[in-house]
Each structure stands twice: as C-alpha cells, then as structure tokens.
Amino acid sequence: MALVSPFFPFNNLTHSHSFTVLHSTMANGRSSQDERKLESGGSAPASSGLHPAFYIALWIALSSSVILFNKWVLASAQFNFPLFLTTWHMVFATAMTQILARCTNILDSRHKVPMNPATYTRAIVPIGIMFSLSLICGNLAYLYLSVSFIQMLKATNAVVTLFATWAFGIAPPNYKTLGNVGIIVVGVVIASFGEIKFDMLGFLIQVGGIIFEALRLVMVQRLLSSAEFKMDPLVSLYYYAPACAVTNGVVTLFTDLPRMTMNDIYSLGIMTLIANALVAFLLNASVVLLIGKTSAVVLTMAGILKDILLVCASMMIFHDPVTAQQFFGYSIALGGLVYYKLGAEKMQTLATDVKLQVGEYRRNNPARAKFIAVGGALTIILLVLYTGAPTANKLTN
C-alpha cells in the first residue's frame, strides 16, 4: 500500500520520503541537546539493546514486503479488489490496536491525548478520509503500473507536500527551495518518458494518491502544532484506523463487494489475507522501535535505500522493465530528494563520515572489503543481465 509517511508507514504503498517529518514530530521526548545533535547529522543518543542497524534493516524489510506483497495479491494472484484489501487492512489494524490497548501498556500514552467525540470528528476523521483516499489510489495504481515506476513517481511526494504547506499557509513560499525540488520533478519527468508500460489512467490514479497523501500530511502537521496531540505511530493508528475502516468500508460496499464472492477469498486464501494485513501492522510496530534509535539523516538515507531496493526487487520478481533513461531520471530525482531533505552542509558531513568509516573498514578488514566490492559489482552485472534477458511473455509476443 502506498507505504511510509508519518504515523502510517504502510501507506507506502510511503511513502518513506516523509520519514524526516515523522522523526521530528517524535522529537518532543528527547532533550534539546540530543535533538540538536540529531539535526546536525550526529548519532542518536546511546541506548542499550540491539544495534540501530537491526531496526533500520527490519523497517526496510517490512516496508518493502508490504509493497511487494500487495502487488502480488492484486496483480499476480489476480485478487482484483483493491478497495476491499485496503478496508481489510484498516479493520485488522483497528482490531489489533484495540487488543493492545486493553491487554498491554504499549498504547498507554493515548491517555495523554485530549480526545473527545467532537475533537475526533473535527480533527481525526478528515485526516482519516484523506488517508483512505491515498490508500485507495495507491492500491488501484498497482493494477496499472509497475512497482518500480510507482516508486519513481513517489519521489514527488516531497514536492507536492511542500506546495501543500505553502497553499495552506503553514510555511512561507521559498523560491530557493522551489529550485531544489525542481530537480526532483525533472528527474521524475525523464523517468516517466522512459517508462515502457506507461498507462495514463494508472498514472493519474497515482498522482491523485500523492496529492491526497500531501493533504493528509499537512493536516497532520497542523494537528501536531499543538503539544497535546503528540502521538507515536501506534497511538495514531489507534485513532485513525477506525475512521479509515469506516470510510473505506462505505466505498467498498458500492464498488468491490457487489462483484465479490467467497470463492474469490478462498482462491486467494484466508491465511494469505491475514498474513498480508499482519505484515502491514508489523510495519507500524517497527517504526515505534526505530524512532529514537537513529538520526534524521540516517532515516532519510534508509528511505532512499529502501526505494532503490524496491525498484531492483520489482525488476527481479515481477520482471518490470526499467530502461536506461529511467535509471538516469530516477538517479536525478533521488539526488534532488537527498539534497532537499539534508541540505548541502549535512550532505558534506555525511560524505565525510562515510569516507572515514569506509577507509577505516578497509584498513581493518582488507580482504572482506575486497570481497564486498567484488560481490557488489557482480550483483549489479547479474541484475542487469537478468532483467535484460527475454522473458516468456516477450518470447510469446
């Protein structure tokens, strides 16, 4: 599903490009000294337990799994009911958060949120509606577009969200920033013209999903401008999931349900549906574990790495064709996204840190470093050869 955004990472079916916003909204629990250190690109405060790399790898694995799982269910398994799938995810999330709230203390922080029926209707329901629309568009797009191309289009999430903050008066227009995000747009345009399986309807649906997601983020940002409404991802899910389930359910009643039968569910498998919703829910739990373990810089780069891995996985699993022009355009878009998120100073700091760490690793582990370099080069060569090989569909055509 439009998978990674503040509070609802599996909206990625995204949205990882909003991870910096997520990190900043959760920063209220840290000291100002720690936060200044994070914003300068430093490490997160030291904590006991597993290495932060574990939580990053877990988030990348779950985020990618949700997207690929949804694509497989909707396209490969031909379960052509994207609105029902979205509703099922929200119903499952509602049930799980209710169980956690009543049987554990994981969601006890919800008691600090001044929520009442009037506030819920005024603040939460509109956000839930925007979220539902973004999820619906995100799932529908998988019926028309490849995962790789959808990920490329999602690079514009940051651009549309920026315009939305200007339109709603949350931030003043800045032409320097506009020039920075213009690089992202140029890269995505180049990638779009290089798409072999371009479908205008799917493209417009995905653009609609991006716009709805941007509006949702702006509404969330306005809500979180009040200190009383600071919520972690699971608490947010606790409040938003019921509204999303009802919204999606109403739409599903008039779209997917009339043409669905129990045979469609049995052919896919009830356990498959449960596993699909469980992976999406676990993604939210992984974000709770991840917050506070790393810096905003690392989170941004992890999101970029996840998108690149998704494009490669889509090429290998679904044989999605990706042209050299798309690689070129997507590289420009990702470069512009990194620059927009981090800025020149943080990028220089990050590049220096990476260079020092790589140099130290090569000195301490020369044989292993050579093995990794050769293995990476071979992997890239094999990936290019594998994706460029004729598939069964090409041969039959």
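This note goes through the model's confidence, its cysteines and its aromatic contacts.

1. This is a predicted model, in which local features need pLDDT of at least 70 and side-chain atom pairs count only at pLDDT 80 or more, whereas totals for chains, interfaces and linings use all residues. Residues are numbered from 1 along each chain as its sequence is written, and side-chain values use heavy atoms, with hydrogens and water left out.

2. On confidence, the protein chain has a mean pLDDT of 77, with 79% of its residues at 70 or more; pLDDT is the predictor's confidence in each residue, from 0 to 100. Residues 1-47 have a pLDDT below 50, yet this stretch has 169 contacts in the model beyond near neighbours in sequence, a contact meaning heavy atoms within 4.5 Å. Residues 391-397 are also below 50, and this stretch has four contacts beyond near neighbours in sequence. Where pLDDT is low, the predicted coordinates should not be read in detail.

3. On the cysteines, the structure holds zero disulfides, a disulfide being a pair of cysteine sulfur atoms within 2.5 Å. Cys-137 is buried at a relative accessible area of 13%, and Cys-244 is buried at 0%; here buried means under 20% relative accessible area, exposed over 50%, and partly exposed in between, with a 1.4 Å probe and protein chains only.

4. The structure holds 10 aromatic pairs, where rings of Phe, Tyr and Trp (its six-membered ring) pair if their centres lie within 6.5 Å, and planes under 30 degrees apart count as stacked, over 60 as edge-to-face and the rest as tilted. One of these joins Phe-92 and Phe-281 in an edge-to-face arrangement, 6.5 Å centre to centre with 75° between the planes. This pair links distant parts of the chain, with Phe-92 in helix α4 (residues 82-103) and Phe-281 in helix α12 (residues 270-290), 189 residues apart; helices (H or I, at least four residues) are DSSP runs, numbered from the N terminus. Phe-92 is buried at 12% relative accessibility, and Phe-281 is buried at 5%.

5. Phe-198 and Phe-203 form a tilted aromatic pair, 5.4 Å centre to centre with 40° between the planes. Phe-198 is partly exposed at a relative accessible area of 34%, and Phe-203 is partly exposed at 22%.

6. Two further aromatic features deserve a mention. Phe-79, Phe-81 and Phe-84 form one aromatic cluster. Arg-110 lies over the face of Tyr-238, at 5.3 Å from the ring centre, the criterion being that NZ of Lys or CZ of Arg is within 6 Å of the ring centre and within 35 degrees of the ring normal.

Note on methods: Helices (H or I, at least four residues) and strands (E, at least two) are DSSP runs, numbered from the N terminus.
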